[in-house]
Amino acid sequence: MVPPVAVSPLIKTARYSALIAGIIYGKRRYDQLKPIAAEERRVEEEEKKVREEQERIAKAIAEASEESILNLMKMP
């Protein structure tokens, strides 16, 4: 078996510097995107409530029209 090769201190420093820079960049980017995502979730929740209300109204109208059609059939 071949013994491992010693890694240059310059390469080690560059690798750890890149790692730290990546962590810092990721934290800043996360902090930047977090409020945008929260706003999108809030808007989506409002749209969902509106959509559910419209579906409920449409269902009620459909049931009411179905009942009125049934009542018209029974009238003769």
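Colleague: Is Asp31 buried, partly exposed or exposed?

Modeller: This is a predicted model, and in it Asp31 is partly exposed, with a relative accessible area of 40%.

Colleague: Which residue does the side chain of Asp31 meet in a salt bridge?

Modeller: The side chain of Asp31 meets that of Lys27, at 3.1 Å from N to O. A pair counts as a salt bridge within 4 Å. Both residues lie in helix H1, which covers residues 9-74, and they are four residues apart, about one turn of the helix.

Colleague: How many helices and strands does the chain have?

Modeller: The secondary structure comes to one helix and zero strands.

Colleague: What share of the chain is made up of buried residues?

Modeller: Buried residues make up 0% of the 76 residues in the chain.

Colleague: How exposed are Arg42 and Glu46?

Modeller: Arg42 has 41% relative accessibility and counts as partly exposed. Glu46 also counts as partly exposed, at 43%.

Colleague: Which residue forms a salt bridge with Glu53?

Modeller: Arg56 does, and the closest N and O atoms of that pair are 2.5 Å apart. Here the spacing is three residues, again described as about one turn of the helix, with both partners in helix H1. Arg56 is partly exposed, at a relative accessible area of 49%, and Glu53 is partly exposed at 36%.

Colleague: Next, the surface patches. Which residues make the nonpolar patch?

Modeller: A patch is built from residues with over 30% relative accessible area and no salt bridge. In this structure Tyr16, Leu19, Ile20, Ile23 and Ile24 make a nonpolar surface patch of about 530 Å². To take one member, Ile23 has its place in helix H1. Ile23 counts as exposed because its relative accessibility is 54%, and the cut-off for exposed is over 50%.

Colleague: Which residues form the negative patch?

Modeller: The negative surface patch is formed by Glu40, Glu44, Glu45, Glu47, Glu52 and Glu55. Glu44 lies in helix H1, and Glu44 counts as exposed at 54% relative accessibility.

Colleague: What does UniProt list for residues 36-67?

Modeller: An unreviewed UniProt entry lists residues 36-67 as "coiled-coil region". Such an annotation may be inferred rather than shown by experiment.

Colleague: How far apart are the end C-alpha atoms of residues 36-67, and what is the secondary structure of the span?

Modeller: The end C-alpha atoms lie 46 Å apart, and the span is 100% helix and 0% strand.

How values were computed
Residues are numbered from 1 along each chain as its sequence is written. This is a predicted model: local features need pLDDT of at least 70, side-chain atom pairs count only at pLDDT 80 or more; totals for chains, interfaces and linings use all residues. Side-chain values use heavy atoms; hydrogens and water are left out. Helices (H or I, at least four residues) and strands (E, at least two) are DSSP runs, numbered from the N terminus. Buried means under 20% relative accessible area, exposed over 50%, partly exposed in between (1.4 Å probe, protein chains only). Patches are made of residues with over 30% relative accessible area and no salt bridge: like charges are joined within 9 Å, nonpolar side chains (Val, Leu, Ile, Met, Phe, Trp, Tyr) within 5 Å. Accessible areas come from the Shrake-Rupley method with a 1.4 Å probe; for residues, only the protein chains shown count as cover. Lys and Arg count as positive and Asp and Glu as negative; His and the chain ends are not counted. The place of a charge is taken as NZ of Lys, CZ of Arg, CG of Asp or CD of Glu.
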